[in-house]
Amino acid sequence: MRALPLATALLLSACGWVSFGRIVSDDELRLRSEVRSYYDEVARAFATGNAEALSRLYDPAIARPMTREQILAWGQDFFGKHGPASFKIDHVEYERLGYENAVVLLRYHVETADGQGGFGGTERDQLVKHGRRWIMASWEKVPNP
């Protein structure tokens, strides 16, 4: 009988240590999920070694830091040398999230099967929504924190 009050006290005291931060709306959760699905497509393109699929994830008007054609050429060269690769997200932070655009701070790494062409870093991605799809409008490298 004594265990019940002790267990209750323990549970109630533990609640004081939990912090959930700000309340996230259903719309924001849905938008985060949509943006995250963009990065899932990036991971699929790397996993299949498909440079064409990778380049289609970028806005046709992209110019900074590479054009869509340069991205396609880079992908063909990269996958030609190293084959399919693993794209992993280490950390994602939504700096701005709206229905038509998003700014995402992303820390990631890419591992190749041959162990030679792996890379990674932190970048600020600017995504825009075209119809029902998110695509990359631009990105910039940022120093690792």
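The lining of the largest pocket draws at least two residues from each of helix 2 (26–48), helix 4 (68–82), strand 2 (101–112), strand 3 (119–130) and strand 4 (133–142); helices (H or I, at least four residues) and strands (E, at least two) are DSSP runs, numbered from the N terminus. The model is a predicted one, in which local features need pLDDT of at least 70 and side-chain atom pairs count only at pLDDT 80 or more, while totals for chains, interfaces and linings use all residues. Residues are numbered from 1 along each chain as its sequence is written, and side-chain values use heavy atoms, with hydrogens and water left out.

Helix 2 gives the largest share of this lining, 4 residues. In total 19 residues line the pocket, with Y58, Y108, F119, E123 and W139 nearest its centre. A pocket here is an open set of points on a 1 Å grid over the protein atoms alone, where a 1.4 Å probe fits, with protein on both sides within 12 Å along at least five of seven lines; lining residues have an atom within 4 Å of a point. The volume is about 340 Å³, taken as the space filled by probe spheres set on the points, which are joined across faces, edges and corners.

Turning to the strands, strand 2 runs antiparallel to strand 3, joined by 10 bridges (two strands pair if DSSP finds at least two bridges between them). Within this pairing, V110 stands opposite F119 of strand 3, the latter being among the residues nearest the pocket centre. The hairpin formed by strand 2 and strand 3 has 6 residues between them, and G115 in the turn has a positive phi of about 75°. Strand 1 (residues 85–97) is also antiparallel to strand 2, through 11 bridges.
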